[in-house]
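Visitor: I would like to learn how to read some features of a structure. Please start with the aromatic rings.

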Amino acid sequence: MKQKRAFKYRVYPTPEQQQMLAQTFGCCRFVYNWALRKKTDAYYKDHQRLYYKDLSILLTDLKQQEDMHWLNAVSSVPLQQALRHLDKAFLNFFEGRAKYPTFHKKRNQQSATYTSNAFTWRTGTLTLAKMREPLDIRWSRPLPKDAIPSSVTISKDCANRYFISILVEDDIAHLPVIEQAIGADLGLKSFVALSTGEIVGNPKFFHKDEKKLAKAQRRHAKKKKGSKNRDKARLKVARIHARIADRRRDFLQKLSTRLIRENQVVCVESLAVKNMVKNGSLAKAISDVGWSEFVAQLEYKADWYGRALVKIDKWYPSSKRCFDCGHILDSLTLDVRQWDCPECGVHHDRDINAANNILAVGLTVNACGEAVRPGAVKTKPGTSRRSRKA
Ligand SMILES: [Zn+2]
């Protein structure tokens, strides 16, 4: 099946290219913010809706104004794409996936998207519009054979690193259907607990980096505002942030690939459900470990490989319910990691019991839907941490 897939690489632009990119990023940011202001004003002042088409016409006019000539120094394509990005941001907002779009800031990550009419692709070399030389790309993994990029996005992060994300159509073969199914519960003490009894991702993994980060942040705070040393200290903080983000992403990618490869059905609770548990530290833990990013990865990988991801989006007492007999506890505070069922006496690890319940509900939900053949799936409840009391 043909799928759009993005491949991301590190890029080392020449000083000349860096200058062109800085200019392009600046113009994209300007156009995005200008369009956001236009859209918001049109809506609140004139009760009008401006769409991509309208804004595109307004942008052409804008570029003709005398004091706006500098917008013509960069390729017009990324500017148009900035309007597309804004459209997408609004769509995400209207469909409840994101907050109302906000202005792009100079300090944050910068990016510019080029469609195929604004770059040349010749057997592994990529040259952007308004640039003379191809980009120096580190091909850390190969692009699919004969892949032709449909669009590319170049970005610069807060640690001053450049990346290129290349979108290509790719043929991904579905994996053979297997019997395994698994439930995953977001843990507090660990990243995720699986219904097989496995606990993955000790948060101490990031402990060392986090200590370094705290130290760098303290140093940064002590430097005089506006000084060169403060700038240097800021960059150091950004670099550590970037490294933590990289390691986290790497960890999530590996885990999501593994779960999808090893199971026909993966059941999780949606973030909306997770957030129903009103607790400051849990909310922090969720944002820290990137549950939503993880679920998104499971979703597209399931799609690629012909697997099913079941997101449970109705509240269900997954932690408080005994998987063995169905007894539901009146209460179970967050600090209780293990408990014994008063009804049947089984000893539970909190998160693994929850993962088993999530799997059971997920399979019920899935059997009602059409995503997967329910008969092809058997549950394999964990055994490692459960023992019957004498
Ligand atoms: Zn029980």
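Visitor: How many aromatic pairs does a search of the whole structure find?

Guide: A pair of aromatic rings is described by two quantities, the distance of the centres and the angle of the planes. This is a predicted model, and the search of the whole structure gives 10 aromatic pairs. One of them is formed by Trp-121 and Trp-139, edge-to-face, with 6.2 Å centre to centre and 70 degrees between the planes.

Visitor: Which parts does the pair of Trp-121 and Trp-139 tie together?

Guide: Trp-121 belongs to strand S3, while Trp-139 sits in the loop between strand S5 (137-138) and strand S6 (149-156), so the pair links parts 18 residues apart in sequence. Trp-121 is partly exposed, at a relative accessible area of 24%. Trp-139 is partly exposed as well, at 34%.

Visitor: Why is the pair of Trp-304 and Tyr-305 edge-to-face?

Guide: Planes over 60 degrees apart count as edge-to-face. For Trp-304 and Tyr-305 the planes stand at 85 degrees and the ring centres are 6.0 Å apart, so the pair is edge-to-face.

Visitor: Are Trp-304 and Tyr-305 buried or exposed?

Guide: Both Trp-304 and Tyr-305 are buried. Over the chain, 43% of the 390 residues count as buried.

Visitor: Which residues form an aromatic cluster with Phe-90?

Guide: Phe-93, Phe-94 and Tyr-100 form one aromatic cluster with Phe-90. The face of Phe-90 also has Lys-39 over it, 4.6 Å from the ring centre. Likewise, Lys-8 lies over the face of Phe-163, at 5.0 Å from the ring centre.

Visitor: Back to strand S3. How many bridges join S3 to strand S4?

Guide: In a regular strand, side chains alternate between the two faces of the sheet. Here strand S3 (residues 119-122) and strand S4 (residues 125-128) run antiparallel and are joined by 4 bridges. Thr-120 has Thr-127 in S4 as its bridge partner. The two strands form a hairpin with 2 residues between them, and Thr-123 in the turn has a positive phi of about 25 degrees.

Visitor: Where in the chain is confidence lowest, and where is it highest?

Guide: Where pLDDT is low, the predicted coordinates should not be read in detail. Strand S15 (residues 387-388) has the lowest confidence, with a mean of 38, and strand S2 (residues 110-115) the highest, at 97. Over residues 370-390 the pLDDT is below 50, although this stretch has 51 contacts in the model beyond near neighbours in sequence. For the chain, the mean pLDDT is 86, and 87% of the residues reach 70 or more.

Notes: Residues are numbered from 1 along each chain as its sequence is written. This is a predicted model: local features need pLDDT of at least 70, side-chain atom pairs count only at pLDDT 80 or more; totals for chains, interfaces and linings use all residues. Side-chain values use heavy atoms; hydrogens and water are left out. Buried means under 20% relative accessible area, exposed over 50%, partly exposed in between (1.4 Å probe, protein chains only). pLDDT is the predictor's confidence in each residue, from 0 to 100. Contact means heavy atoms within 4.5 Å. Two strands pair if DSSP finds at least two bridges between them. Rings of Phe, Tyr and Trp (its six-membered ring) pair if their centres lie within 6.5 Å; planes under 30 degrees apart count as stacked, over 60 as edge-to-face and the rest as tilted. A charge sits over a ring if NZ of Lys or CZ of Arg is within 6 Å of the ring centre and within 35 degrees of the ring normal.
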